[in-house]
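Take a look at the model first, then read on.

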Amino acid sequence: MTRRWTPAQRMPAEWEPHAATWLAWPHNPDTWPGCMDFADSEFRTLVETIATFEPVKVLVNDAEHARRVAAQLKGPARAHPIELLEVPTDDAWMRDIGPTFVEDPRGCLLAIDWTFNSWGGKYPPWELDDATASRVAELAGVPSQRVKLVVEGGALEVDGQGTLLATRPSLLCETRNPGIDEARMERQLSELLGVSRVVWLDGGIEGDDTDGHIDDIARFVGPTRVVCAVEHDLRDPNHAVLAAC
């Protein structure tokens with residue numbers, strides 16, 4: 001189901017009420033070399049903890065993967081359901097590959113299906129991950145719009161009241177959005193997310209494969225409050241970068 005709309009939607013802040021949390025269960029041994037069992041254990045804790053507060057939707061690759069995950073989630077009854085959904089993915093980074101849900105003026109949900117190219121083409125293949133957002137929107141019963149911009153969810157941080165935090169390297173780099181300058185990016189983000197102000201930062205932490213996602217550096221925790229990462233060791237390569245932010 002696809003729908004186009006005028007720039008009258010708003011991306012809510014992360015702390016606002018939502019119907020469920022969507023996750024993808026780990027399965028790629030290249031991402032979790034020698035520690036897949038540990039990843040399973042950590043995700044079990046994560047999923048079961050979230051389920052004490054709200055429903056959880058978990059993507060699994062196929063029926064066999066679903067059986068393996070379901071066996072790990074057997075345990076005491078939870079306050080909210082955990083649903084396993086067969087949606088094959090290349091990896092488990094749901095924050096980056098999933099849709100961005102926004103609200104229209106009536107409070108109805110819309111899903112932005114960004115183009116995903118594995119953080120600038122770093123880790124092929126990524127075709128399954130790129131198809132994940134539209135499939136999630138379909139399963140959620142939410143209309144979606146495919147967008148040509150290459151954007152990952154971790155590159156966006158909003159306060160729900162018109163301000164967006166972002167880094168230039170993760171949105172304006174040539175491996176993602178060649179030829180798109182800052183002004184054009186701001187216009188498109190304003191239209192799609194309902195933001196009126198973009199606060200740009202210039203860098204990310206050392207060794208960040210995402211080229212500086214904002215969610216590694218600064219997060220809104222309230223409409224007027226931002227928590228920022230800091231490195232006090234002057235010898236650490238992240239000190240100058242984080243101090244500049």
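A residue counts as buried when its relative accessible area is under 20%, as exposed when that area is over 50%, and as partly exposed in between. Cys 173 has a relative accessibility of 16%, so Cys 173 counts as buried. The model described here is predicted.

**Cysteines**
- Cys 35 has a relative accessibility of 28%, so Cys 35 counts as partly exposed.
- A disulfide is a covalent bond between the sulfur atoms of two cysteines.
- Searching the whole structure turns up zero disulfides.

**Fold and overall form**
- The protein has eight helices and eleven strands.
- Its radius of gyration is 18 Å, close to the 18 Å that the globule rule gives for 245 residues, so the protein is as compact as a globular protein of that length.
- Along the principal axes, the C-alpha atoms fill a box of roughly 50 × 50 × 35 Å.

**Packing**
- Buried residues make up 46% of the 245 residues of the protein.
- Take the contacts in the protein with a separation of 6 or more: 73% of them join residues 24 or more positions apart.

**Surface and charge**
- The protein has an accessible surface of about 12,600 Å².
- Carbon and sulfur atoms account for 54% of that accessible surface.
- The protein carries 23 positive and 40 negative charges.
- The mean positions of the positive and negative charges lie 6 Å apart.

Note on methods: Residues numbered from 1 in each chain as written. Predicted model: local features only at pLDDT ≥ 70, side-chain atom pairs only at ≥ 80, totals over all residues. Heavy atoms only, no water. Helix = DSSP H or I, 4+ residues; strand = E, 2+ residues; numbered from the N terminus. Rg over C-alpha atoms; globule rule 2.2 N^0.38 Å. Buried < 20%, exposed > 50% of the residue type's maximum accessible area, 1.4 Å probe, protein only. Contact = heavy atoms within 4.5 Å. Areas by Shrake-Rupley, 256 points an atom, 1.4 Å probe, with all protein chains shown as cover. Lys, Arg positive; Asp, Glu negative; His and termini not counted. Charge placed at Lys NZ, Arg CZ, Asp CG, Glu CD. Disulfide = S-S within 2.5 Å.
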